[in-house]
Amino acid sequence: MTDMTEQLRDATRQWPVPRQSLVDLMIEAADELAQQREALEQCAEYFDDRSDVDTSDGEPVANKEMRLLGVVREALGEK
């Protein structure tokens, strides 16, 4: 759980919470999520450039980068 989540929970426990405090926390959380999304998009680009299919016993097998690309794309909601 992120610090932002904890701050939002703490704020809601002290009801009524000043509206501006909640708005400020939500803006901060949105900024944090945007940074995390950007990092995941950069990871996806990195893994996409390096993804390939290897063979094992004559069968195609995704390399590590291709498997990680799938995980990152899923986290981004692309799959």
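**View 1. Asp57 lies in the loop between S1 and S2.** Strands, like helices, are DSSP runs numbered from the N terminus (strands: E, at least two residues; helices: H or I, at least four). The model is predicted: local features need pLDDT of at least 70, side-chain atom pairs count only at pLDDT 80 or more, and totals for chains, interfaces and linings use all residues. Residue numbers start from 1 along each chain as its sequence is written, and side-chain values use heavy atoms, without hydrogens and water. Phi of Asp57 is near 55 degrees, a positive value in a residue other than glycine. Asp57 counts as exposed because its relative accessibility is 80% (exposed is over 50%, buried under 20%, partly exposed in between; 1.4 Å probe, protein chains only).

**View 2. S1 and S2 form a hairpin.** S1 covers residues 53-56 and S2 residues 59-62. They pair in the antiparallel sense over four bridges (pairing needs at least two DSSP bridges). Asp54 stands opposite Val61 in S2. Two residues separate the strands.

**View 3. Helices H2 (residues 19-50) and H3 (residues 64-75) cross at roughly 150 degrees.** Their axes come within 9 Å. Axes are lines fitted to C-alpha atoms, for helices over the stretch in contact; angles run from 0 to 180 degrees between N-to-C directions. The crossing angle therefore makes H2 roughly antiparallel to H3 (over 145 degrees; under 35 is roughly parallel, 65 to 115 roughly perpendicular, the rest oblique).

**View 4. Residues of both helices make the H2–H3 contact.** Contact means heavy atoms within 4.5 Å. H2 contributes Leu40, Cys43, Ala44, Phe47, Asp48 and Arg50. H3 contributes Glu65, Leu68, Leu69, Val72, Arg73 and Ala75.
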